[in-house]
Amino acid sequence: MKGKGKWLILFCAVMTLGTGMTASALGSVKIRLDQGGKSSWAEEIQIPAVTVNYSEEIPKWSKPIEEWEPGKKVTGTLRLPGAYSETDCTVYGGRLVSVKAESGETVIKVSYTPVAKLGKTAEAGWSDSSRTKAVWRKVPYASRYQVMLYKLDGTWVKSLTTSSVSIDLLPHMEGNDRHYYTVKAILMDSSEEDYLVEGDPVTSGSSILHDQDDRFGAWEELEKGKKYRMSDGSWVTGRWQMIRGEWYCFNEEGYASVGWQYSDGKWYYMGEDGRMMTGWQQINGKWYYLKPDGAMAIGWRQMQPGEWYYFYEDGSMASDTKVEGTYRINSLGLWVQ
């Protein structure tokens with residue numbers, strides 16, 4: 001019996017040792033942070049799908065997701081039951097930061113670099129002074145833009161890149177042709193390729209009739225209105241023309257238009273003298289806002305930080321009412337939060 005007892009004790013010790021080895025060597029851990037292929041990236045920050053050995057997990061991130069920025073690393077913390085070492089862990093789509101055992105579980109930290117597709121500019125138009133300078137809204141995370149200039153018939157004229165949100169296209173405009181441009185956010189250089197893809201192009205809000213500003217012609221008052229004779233002796237007919245720094249729209253008979261004019265899908269308002277109006281204008285008892293390029297504003301528009309106005313489809317400003325059944329507008333046209 002004594003011999004059998006010794007063998008029994010030895011067997012139990014071996015079993016205990018074997019159990020301990022199993023607890024500290026649970027196998028490999030494969031952590032995947034799947035952000036999808038570049039073709040599927042959206043304009044918002046991509047939130048990776050995180051799996052541990054093909055089981056979905058939700059890490060505790062070092063920074064709230066709404067504060068993530070493309071290219072700026074964040075750290076995710078995972079807690080797994082059992083004991084693992086660094087050699088047991090493999091990370092795909094990120095990097096292993098640390099592995100630490102705590103109270104019967106393992107705390108694993110991984111780093112991830114957020115990715116995104118650059119968005120579209122919210123607005124692309126022309127400056128109010130010469131309408132030969134392209135201007136657009138800044139795209140979040142973008143540091144460079146590509147501008148493609150075309151004639152109205154689609155003929156490509158020039159491709160340019162800039163880090164600004166405006167560019168003078170006058171040196172590249174040809175003759176008296178109508179022009180438009182497209183603009184898209186692009187990468188600064190190859191260093192951004194791992195976490196950004198370029199955005200989609202946006203076409204300028206209105207094409208432009210490029211004519212040199214005529215300063216030496218003459219106006220002639222006639223019974224039906226007024227006409228303008230260019231410095232070369234020709235009448236301006238059926239087009240826009242800048243005269244002494246102001247824009248005018250002439251009908252097919254050559255008369256300067258007054259009142260509302262519809263051109264290239266936009267509404268413009270010409271004053272009694274035929275001059276294109278911009279900014280706030282009260283017309284027939286209603287308020288309108290004409291953007292810097294002269295086009296009538298429609299929908300929501302923020303004039304200053306925190307000051308929102310709403311303009312109906314006819315361009316008139318909403319006041320003392322509710323818009324979309326939810327947003328209260330005061331008598332001054334301001335949205336009251």
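The questions and answers below concern salt bridges, a sheet, a pocket and one tryptophan in a predicted model.

Q: How many salt bridges does the count come to?
A: A pair counts when a side-chain nitrogen of Lys or Arg lies within 4 Å of a carboxyl oxygen of Asp or Glu. By this rule, the predicted model has a total of 9 salt bridges.

Q: How many residues apart in sequence are the parts that the R79 and E105 pair ties together?
A: R79 and E105 form a salt bridge, with 2.8 Å between the closest N and O atoms. R79 belongs to strand β5 (residues 74-81) and E105 to strand β8 (residues 105-112), so the parts tied together by this pair are separated in sequence by 26 residues.

Q: Is E105 buried, partly exposed or exposed?
A: Buried means under 20% relative accessible area, and exposed means over 50%. R79, the partner of E105 in a salt bridge, has a relative accessible area of 47% and is partly exposed. For E105 the relative accessible area is 25%, so this residue is partly exposed.

Q: Which residues are linked with R79 in a network of salt bridges?
A: R79 has a salt bridge to E105, at 2.8 Å between the closest N and O atoms. The network that contains R79 links this residue with E102 and E105.

Q: Where in the chain does K184, the partner of E198, lie?
A: The closest N and O atoms of the salt bridge between E198 and K184 are 2.7 Å apart. This pair links distant parts of the chain, 14 residues apart. E198 is in the loop between β16 (196-197) and β17 (202-203), while K184 is in strand β15 (residues 178-186).

Q: Is K184 buried or exposed?
A: The cut-off for buried is a relative accessible area under 20%. E198 has 38% and is partly exposed. K184 has a relative accessible area of 18%, so K184 is buried.

Q: What is the relative accessibility of E220?
A: E220 and R229 meet through their side chains in a salt bridge, at 3.5 Å from N to O. R229 is partly exposed, with a relative accessible area of 30%. E220 also counts as partly exposed, and its relative accessibility is 31%.

Q: Which residue in β11 stands opposite W126?
A: β10 and strand β11 (residues 133-136) run antiparallel and are joined by 3 bridges. Opposite W126, the residue in β11 is A134.

Q: How many residues in the lining of the second largest pocket are charged?
A: The second largest pocket has a volume of about 230 Å³. Its lining includes K73, R95, D194, Y112 and Y195. The lining divides into 3 nonpolar and 5 polar residues, while the number of charged residues is 3.

Q: What separates the C-alpha atoms of W335 and A318?
A: W335 lies in the segment after β30 (327-329), and at 26% relative accessibility W335 is partly exposed. W335 and A318 are 17 residues apart along the chain, and their C-alpha atoms are separated by 9.5 Å.

How values were computed. Residues numbered from 1 in each chain as written. Predicted model: local features only at pLDDT ≥ 70, side-chain atom pairs only at ≥ 80, totals over all residues. Heavy atoms only, no water. Helix = DSSP H or I, 4+ residues; strand = E, 2+ residues; numbered from the N terminus. Buried < 20%, exposed > 50% of the residue type's maximum accessible area, 1.4 Å probe, protein only. Pairing = 2+ DSSP bridges. 1 Å grid on protein atoms, 1.4 Å probe; cavity = no way out; pocket = protein on both sides within 12 Å on 5 of 7 lines; lining within 4 Å. Points joined across faces, edges and corners; volume = space filled by probe spheres on them. Nonpolar A, V, L, I, M, F, W, Y, C, P; charged D, E, K, R; others polar.
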